[in-house]
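Dear colleague,

Here is the structure I said I would pass on. My notes on what was found follow below it.

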Amino acid sequence: MHIPDGYLSPQTAIPMIAVMVPVLGVAANKVKNDLKKKQIPVLAAGAAFSFVIMMFNLPVPGGSSAHAVGAVLLAILLGPWAACLGVSVALIIQALVFGDGGILAVGANCFNIAFVMSFAGYYTYKLIKGAADKLSGRGMAAAFIGSYVGLNIAALTTALMFGAQYHLFQAADGTPLYFMYSIKVAVATMMSEHIILAGPVEGLVTVIALWFVGKNYPALLADSPKWIAGNGKGVGSHA
Amino acid sequence: MLKTYKNLWWGLLVLIILSPLGLLATGTAFGEWGLDELADEVGFIPAGLAKFADFWQYVLLPDYSVPGMNAGFGQATAGYIISAVVGVLLVVLVISIFYRLARD
């Protein structure tokens with residue numbers, strides 16, 4: 001899902017950077033003001049977890065590959081804004097140091113994989129979990145479905161960005177200038193990989209990691225402690 | 001940073017050691033083909049794509065590998081683990097800025 005440089009037109013990539021600068025500014029402020037000092041190590045470990053889990057490439061039949069992200073796990077633990085910041089840090093380092101995802105495309109990648117996934121997944125989770133405990137059957141089902149949905153909506157926005165290039169940017173002779181397949185092909189391919197393979201893996205990874213965190217540090221999963229969003233307003237809401 | 005939540009860091013270390021499992025999936029993800037793969041995967045290289053593909057020239061550990069360590073699966077595995085360690089350290093370094101900024 002990491003879009004490399006060259007696959008997006010500058011007319012797409014640059015505005016996405018312009019969008020993500022204020023979004024990450026807000027996220028940084030939320031983390032600074034609403035998280036406590038002792039929660040920062042959880043954010044660091046969570047962002048590092050996201051970095052490493054993205055290295056576990058899953059073979060997709062037909063010769064492609066996909067991977068889980070861990071963004072919704074972070075959102076469940078610390079709220080969607082902190083998740084957006086943590087995953088963005090991982091994505092920016094992946095682009096700069098490891099060439100995984102482009103530099104021009106880094107705004108688009110942070111938008112899809114950090115912002116869209118964290119928020120879409122988190123609110124799906126909240127909706128399903130309701131008032132149930134995080135570690136209850138319903139809480140775990142909500143974590144599975146929320147992270148599944150979050151990853152798939154991120155795959156969808158990525159596919160739409162890809163496919164839009166084909167329709168909007170062509171050379172005079174009609175050949176595509178950037179991404180080279182239609183929206184239909186991009187959505188069908190990206191979604192089948194993530195609906196069938198990467199999505200269920202994301203769900204499993206999220207549930208197992210939540211169980212691990214809850215078993216070792218139950219306080220991190222305590223229902224609605226003061227510093228976790230208890231009312232769907234993100235980390236900013238002090239109960 | 002590392003003293004609290006020690007078991008989270010131990011868990012992370014286990015994942016880092018297991019990370020070379022990710023090398024078993026040799027296929028490139030959809031829409032992430034390099035210039036060298038496009039001819040096979042797509043059949044041509046779009047003009048705009050060729051222009052911007054190498055925009056960033058300062059990748060130190062390309063595709064989670066250590067340059068020069070390409071001889072066989074053993075070296076690729078070592079390079080992958082080194083990359084995971086470097087990545088984790090950089091992520092923790094950046095996030096730890098917020099340790100100073102956040103309140104008690």
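In which helix of chain A is the place of A:Ala28? The model is a predicted one, and in it A:Ala28 sits in α1 of chain A, the helix made of residues 10–34.

On chain A as a whole: its secondary structure amounts to seven helices and two strands, and the order along the sequence is α-α-β-β-α-α-α-α-α. A box of roughly 60 × 35 × 30 Å, taken along the principal axes, is filled by the C-alpha atoms of chain A. The radius of gyration of chain A is 18 Å, which agrees with the value near 18 Å that a compact globule of 239 residues would have. Of these 239 residues, 60% count as buried. Among contacts in chain A with a separation of 6 or more, 71% are between residues 24 or more positions apart.

On the two chains together: 59 residues of chain A are in contact with 54 residues of chain B. On the chain B side, α1 (6–18), α3 (47–52) and α4 (72–101) each supply at least two of the residues that touch chain A. The largest share comes from α4(B), with 14 residues. By type, this side of chain B divides into 38 nonpolar, twelve polar and four charged residues.

Regards

Key
Residues numbered from 1 in each chain as written. Chains lettered and ligands numbered in written order. Predicted model: local features only at pLDDT ≥ 70, side-chain atom pairs only at ≥ 80, totals over all residues. Contact = placed C-beta atoms within 7 Å. Helix = DSSP H or I, 4+ residues; strand = E, 2+ residues; numbered from the N terminus. Nonpolar A, V, L, I, M, F, W, Y, C, P; charged D, E, K, R; others polar. Rg over C-alpha atoms; globule rule 2.2 N^0.38 Å. Buried ≥ 20, exposed ≤ 12 C-beta atoms within 10 Å, placed from the backbone.
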